[in-house]
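Subject: Model handover

Hello,

My notes come after it.

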Amino acid sequence: MSPKVGVAGLGYWGPNLARNFEELGTLAALCDVSEERRSTFAARYPEARVTGEFDDLLSDYLDAVVIATPVTTHYDLTRRALEAGKHVLVEKPPAMRAAEMDELVALAADRDRVLMPGHLLLYHPGVQKLKELIDAGELGEVLCVYGNRQNLGIVRTNENALWSLGVHDLSVILYLLDEEPEEALAHGRDFLTEGVEDVVFCYLRFPSGKIAHMHLSWLDPHKMRRITVVGREKMVVFDDMDLERKVTVYEKAPWKRAETYGEWQTRSGDIFVPRIPTDEPLKLECRHFLSLVAGEGDRAKVARDGAMVVRALERLTDSLRG
Ligand SMILES: NC(=O)c1ccc[n+]([C@@H]2O[C@H](COP(=O)([O-])OP(=O)(O)OC[C@H]3O[C@@H](n4cnc5c(N)ncnc54)[C@H](O)[C@@H]3O)[C@@H](O)[C@H]2O)c1
């Protein structure tokens, strides 16, 4: 029998989750503290139970809870859901401090429940292609990765560029490299709203010697959603702004010719544009959650990977403020 899922938070993002779980035949309940949001979605999903009390989602009626409320509420709601024995898909990040995230990971392990952060980009077929190329050794040894997430706006006043934009790139960089950074530094400035950094530059160094960088900004002339991976043999770019060329593989690399006494030369070969499926990343994310609930895959790793992102975020935040 399909699991029954309840979605909490029906603001901007929650309705996308509700739509996907409905399409996957598992949406059973909806919750929002706003009466207006509740009545809009009660009309759209007449089969679902609708409530203004999060605790109503913790009854035996549901198997899983999806949390798409503001970030400051994630830790508390997730803890309550896990304590009630529910599997949880929670929007990123599940907690604002590493110690709180560790507590959630331990609770999920203790109750044998899924704790999955909603790192949407990991389900993007373009990011999956990057991972496939790296893991197959196509790029040779990976040397560095960098993310560009820039635009003019949307200017946030309650969350800085690291928290609002950086979580996406950070989750992808850690996923691609599958290593915990040993150094995490961030610099930035709050030009528009005091205490809320609009422009942030981050540097990460990993035990293997790989390095990574993130440029996060809503004060920029370019709209960029790009991740570049530089390998010793090939280089690859994932560009989410490009409709047709999501992923481009460059056969570009440095090499040494014996007769030039070890001087570095560069080689520019073919450029490939692999076909990337157009599946909706959020549908793939919801499907992955349901498969973990069904006992497939490594649910402990999903929770641990989420904790690695929160730890790196915390260190970058401390560095930014330091
Ligand atoms: N993965 C993505 O690409 C993506 C995109 C946008 C937002 N998000 C995430 O989704 C989450 C929600 O963001 P949003 O932009 O939809 O916010 P929002 O403010 O538009 O919506 C939040 C909703 O939660 C409701 N709410 C607040 N506290 C509640 C509680 N205790 N119980 C039930 N409902 C409650 C509010 O009434 C509101 O309707 C955030 O964590 C955000 O980071 C993710």
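This is a predicted model: local features need pLDDT of at least 70, side-chain atom pairs count only at pLDDT 80 or more; totals for chains, interfaces and linings use all residues.

Residues are numbered from 1 along each chain as its sequence is written, and side-chain values use heavy atoms, with hydrogens and water left out.

Ligand site

The ligand sits in the largest pocket. A pocket here is an open set of points on a 1 Å grid over the protein atoms alone, where a 1.4 Å probe fits and protein lies on both sides within 12 Å along at least five of seven lines. A molecule counts as sitting in a pocket if more than half of its atoms lie within 2 Å of the grid points.

The shell around the ligand holds 19 residues, and Y12, W13, D32, H74 and K92 are the closest; a residue belongs to the shell if one of its heavy atoms lies within 4 Å of the molecule. By class, 10 of the shell residues are nonpolar, 5 polar and 4 charged. Ala, Val, Leu, Ile, Met, Phe, Trp, Tyr, Cys and Pro are taken as nonpolar, Asp, Glu, Lys and Arg as charged, and the others, Gly among them, as polar. Helix 3, residues 71–83, gives the most to this shell, with 3 residues. Helices (H or I, at least four residues) and strands (E, at least two) are DSSP runs, numbered from the N terminus.

Which polar atoms of W13, V33 and E91 lie by the ligand? For W13, a polar backbone atom is 2.8 Å from an oxygen atom of the ligand. For V33, a polar backbone atom is 3.5 Å from a ligand nitrogen atom. For E91, a polar side-chain atom lies 3.4 Å from a nitrogen atom of the ligand. On its own the ligand has 850 Å² of accessible area, and the protein covers 75% of this (Shrake-Rupley method, 1.4 Å probe; for residues, only the protein chains shown count as cover).

E91 itself lies in strand 5. Its relative accessible area is 10%, so E91 is buried (buried means under 20%, exposed over 50%, partly exposed in between; 1.4 Å probe, protein chains only). E91 and T248 are 157 residues apart along the chain, and their C-alpha atoms are separated by 29 Å.

Backbone

K92 and P93 are joined by a cis peptide bond with omega of about -20°. P93 is in the loop between strand 5 (87–91) and helix 4 (98–111). Another cis peptide bond joins G153 and I154, with omega of about -15°; I154 is in the loop between strand 7 and helix 6 (161–177).

D112 is not a glycine, yet has a positive phi of about 50°. D112 is in the loop between helix 4 and strand 6 (115–118) and counts as partly exposed because its relative accessibility is 48%. D178, also not a glycine, has a positive phi of about 55°. Its place is the loop between helix 6 and strand 8 (183–189), and at 46% relative accessibility D178 counts as partly exposed.

Q150

Q150 belongs to strand 7, residues 142–152. Its relative accessibility is 3%, so Q150 counts as buried. The side chains of Q150 and N148 are joined by a polar contact of 2.9 Å. A polar contact is a pair of N or O atoms within 3.5 Å; within protein, one must be able to donate a hydrogen and the other to accept it, and residues adjacent in sequence count only if both atoms are side-chain atoms.

Regards

How values were computed:
On a 1 Å grid over the protein atoms alone, a cavity is a set of points where a 1.4 Å probe fits but cannot get out, and a pocket is an open set with protein on both sides within 12 Å along at least five of seven lines; lining residues have an atom within 4 Å of a point.
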